[in-house]
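Here is a short briefing on one protein model. The points below are grouped by topic.

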Amino acid sequence: MDNSVKNGVAKARSQLPVGQSLLSCEECKCPIPEARRKAVAGVRLCVGCQSKSDKRQKEVSKVHRRASTRVC
Ligand SMILES: [Zn+2]
């Protein structure tokens, strides 16, 4: 399961040209504010999912993985 998620992310990254931002979060489908899309080239996640994603990548441990709270 983890592998398919990683592959999906890698695939999405390689398919999206740099500078192209998504209108809605790839993970929770919430709309991404225009300011964020302009600030972050190629943004794919809303702020909440992005920080969760960052933490996930930094902490391989699952200890800190909490219930998926939607911030938007
Ligand atoms: Zn999101």
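**Fold and metal site**

From the N terminus on, the elements of the protein run α-α-α. The protein has three helices and zero strands. The model is predicted.

**Zinc site**
- Four cysteines coordinate the zinc ion through their SG atoms: Cys 25, Cys 28, Cys 46 and Cys 49, at 2.2 to 2.4 Å.
- The donor atoms subtend angles of 103 to 118° at the zinc ion, which makes the arrangement tetrahedral.
- For four tetrahedral donors, the ideal angle at a metal is 109.5 degrees.
- The donor residues follow the spacing C-x2-C-x17-C-x2-C in sequence.
- Cys 25 and Cys 46 link distant parts of the chain, 21 residues apart.
- Cys 25 sits in the loop between α1 (2–15) and α2 (34–39), while Cys 46 sits in the loop between α2 and α3 (47–58).

**Core**
- Both Cys 25 and Cys 46 are buried.
- The largest nonpolar core has eight residues: Cys 25, Cys 28, Cys 30, Ile 32, Val 43, Leu 45, Cys 46 and Cys 49.
- In soluble globular proteins, nonpolar side chains tend to be buried together.
- Leaving out residues up to four places away in sequence, Ile 32 touches Leu 22, Leu 23, Ser 24, Cys 25, Arg 37, Val 43, Arg 44, Leu 45 and Cys 46.

**Whole-chain numbers**
- The protein has 72 residues, and 19% of them count as buried.
- Among contacts with a separation of 6 or more, 20% come from residues 24 or more positions apart.
- The protein exposes about 5700 Å², with 55% of it supplied by carbon and sulfur atoms.

Note on methods
Residues are numbered from 1 along each chain as its sequence is written. This is a predicted model: local features need pLDDT of at least 70, side-chain atom pairs count only at pLDDT 80 or more; totals for chains, interfaces and linings use all residues. Side-chain values use heavy atoms; hydrogens and water are left out. Donors are N, O and S atoms within 2.8 Å of the metal (3.2 Å for Na, K and Ca); water is not among the atoms, so sites may look incomplete. Four donors count as tetrahedral if all angles lie between 85 and 135 degrees; four count as square planar and six as octahedral if opposite donors are over 155 degrees apart and all others between 65 and 115; anything else is irregular. Helices (H or I, at least four residues) and strands (E, at least two) are DSSP runs, numbered from the N terminus. Buried means under 20% relative accessible area, exposed over 50%, partly exposed in between (1.4 Å probe, protein chains only). A nonpolar core is a set of buried Ala, Val, Leu, Ile, Met, Phe, Trp, Tyr and Cys residues joined through side-chain atoms within 4.5 Å. Contact means heavy atoms within 4.5 Å. Accessible areas come from the Shrake-Rupley method with a 1.4 Å probe; for residues, only the protein chains shown count as cover.
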